Amino acid sequence: MTGQTDAKLEQVCKIIEKHHSDGSKLIPILQEIQEVYRYLPEEVIDFTARKLKIPAAQVYGVATFYSHFALTPKGKYLVKVCNGTACHVKKSIPVLNAIVEKLKLSEGKMTTDDMLFTVETVSCLGACGLAPVMVINEDVHGMMTPTKAVAEIDKILAEEAAK
Amino acid sequence: MTLDLKKIAESYKAKIEERRVIVCAGTACVANGALKVIDALKKEIEKAGISVRVDVHEENKNKKDLYLSKSGCHGFCQQGPLVTIMPENIFYVKVKPEDAAEIVETTLKNHQVVDRLLFVEPSDGKHAKNHNEITFYKRQNRVSLKESGHICPEDIEEYISEGGYEGAKKALTSMTSDEVCKLMLDSGLRGRGGAGFPTGKKWQFTLVNKSDVKYVVCNADEGDPGAFMDRSVMEGNPHSVLEGMLIAAKAIEGTKGYIYCRAEYPLAVKRVKKAIEDARSLGVLGKNIFGTDFSFDIEVMEGAGAFVCGEETALIHSIEGQRGMPTPKPPFPAKSGLFGKPTVINNVETLACVPLIMRNGAEWFKKLGSASSAGTKTFALTGHVANTGLVEVPFGTTLREIIFNIGGGVTDDQGKPMPDGFKAVQIGGPSGACLTPEHLDIPIDFDSVKAYGAIVGSGGLVVMNKNTCMVSVARFFMRFTQSESCGKCVLCREGTKQMLAMLDDIMNGDANEETLVKLEELAHAVSQGSLCGLGKTAPNPVLSTLKYFRDEYEAHVFNKKCPAKQCKALCAPEIDPAKCKGCTLCAKKCPVGAIEGAPGKVHKIDPEKCIKCGVCKETCKFGAVI
């Protein structure tokens, strides 16, 4: 094990301790663990189950039930295109398609090979007044068009290239 | 020591004069750059030599100093960032950081109005100086949203100065649990989350079940796409929710509270958490509240992205750390809910009404609404409508009033007014229905819309113009419920999948007469064979569109045409000879070489070769491909 994984596991232990190893706090525990790893690695699911003294199947069951939990790593930039009703009738799908095409992604492959971007749809971000809406990590971008969305991606690509 | 709310209110008022600049800092305004506007305003105000404070409690500041404060959502998100100047009550819309200097110079120093930043009424082009001159606000009756957009949501003292926590104090210090339940029952308050069950009755059912531990759960899992009133309340006035929970706790003898908020609302979570901390340190949450022997505390739990968790039994299992799957009722949560204890679950908007009823009385609330549905309801008005936003109106208001007067009428896809463009309005989210022009004059309340296969639900209203394909709308909701089905009931899990496949067939031109018959049959089966509200109501969008827009389905199935020209597979593109300039761009882009024509001459599409990919339509700069 490398030093980095040790440090991360230590953080996991701290999270579990903070919640008093209480199995009923499984969802907040997994949410906090996901913040550490940006996804839920299989061995961490097993580890958490042992610590909480509940079957790994139960932890896995919860992790797969809720859409916020990811079992595979996500990109550095998480692009969420809202496809709630208001965004949908204001043409959010062309926005999504433009991003997918720009990043050369396809259904079933929504993370770029360089792990820079993961693209998802969400059902509603509650910013319907600005439909269609797109969120990149924490930043909300309203009144999107395919062109504006691609421009946002280009901006990030340029920033990353400059690093 | 008893908490003296009046003293807090007085000391707050002593800190503030009327001079104040309020910038909306709700999710949408922040997305539009509200925080940058605040920074720019602060800089410009200081530059102009005006003494300013961003926190009213700042030490060494004079009460005459200008207070630059943040507020919660005004519900007029499309026009954001919104800036209000008090005491003149000037309301600026779409403010940019670059406008700060002019606002400071013209309005703050010279008390004049910057006309170009005022809202322009779409109907008559007039500039509106404040809320009272804007039709969108003028025709509303803002009761539960009144303080959102005005008070600073992160300041408990300001909430108290507006009469906040007086209701809770009254309930805790001078009323019995029975009396609190009775008051809610008398007020006619019904659950705003969807089902419309009388809140007082729910509380009474929970009160009669004796237990050492009882829970009050606030359902803030606002999952209906197109609904954001709960987010707005939590962001704009979080203490009203806490106070509502405190009163609910008194009513049921509750000991612990949970707010289950969806994680898609980070700002709401942040504000509610801050409100809880402030309430604790002031002593309105915790042990022996208001000097009584009553103790109550609240914890926030963030959802993890499952629509079904809005269903109360599923929500309970989710707080318990399990998969959020519904279980049969009975036992009702009132008897055996969270961790097997009696539990009352109320929606955010419902809880926000509770302190107001406590303050103003049951009769006051009852008079606000219609005969069967007391009070006001907030609708989230979105889609193809001029003014999108939150609209709070008394129950009994018509859709025509909401969409055409308050909403300013229907727009086309570019947002331009489209008189006669109204096609349908989707009410009640994925469990709701699409209503048509003939329904515009029904007074909307919990019971009236049921006759038309619709529900008020959480209050989402999505307006659709004539360019909307109703089959694709039905498919949109079906796709949503299909992916959100928890998988427990066979008919919900498999039935929604098959219904979705049939809708796809219809949209792809692969359907026949039998498809429509089977679709309708299966819709009824899914509704009957599902345990919880998700499955029971999942077919509603299909059934209502089948009922009111059957001709559109038939055009797809029999004529293989999409009347709204939205379903790609059914729309063979044609070139309008009047608009075609012969630029050759479409012919170059066509992947199958189906377009012929010489430069400068009108082009033509060969329907035999065309694969209906739509590239020509996207490419044409003259709108000649139809």
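I began with the spacing of the two parts of chain A, and found the C-alpha centres of domain 1 and domain 2 of chain A 29 Å apart. Domain 1 covers 3-65 and domain 2 covers 77-162, with bounds taken from an automatic or database domain assignment.

I noted that this is a predicted model, in which local features need pLDDT of at least 70 and side-chain atom pairs count only at pLDDT 80 or more, while totals for chains, interfaces and linings use all residues. Residues are numbered from 1 along each chain as its sequence is written, and chains are lettered from A and ligands numbered from 1 in the order in which they are written.

Next I looked up the sheet of chain A, where 4 strands form an open, mixed sheet in the order β2-β1-β3-β4; strands are DSSP runs (E, at least two residues), as helices are (H or I, at least four), numbered from the N terminus, and two strands pair if DSSP finds at least two bridges between them. β2 (117-122) and β4 of chain A are at the edges with a single partner strand each, so one side of each has no neighbour in the sheet.

I then followed β3 (residues 134-136) of chain A, which runs antiparallel to β4(A) and is joined to it by 3 bridges, with Val135(A) opposite Val140(A).

Last, I checked the contacts between chains (C-beta atoms, placed from the backbone, within 7 Å), and 32 residues of chain A touch 40 residues of chain B. On the chain A side, α2 (26-37), α4 (56-65), α5 (85-89) and β4 (139-141) each supply at least two residues.

Technical notes:
Two residues are in contact if their C-beta atoms, placed from the backbone, lie within 7 Å.
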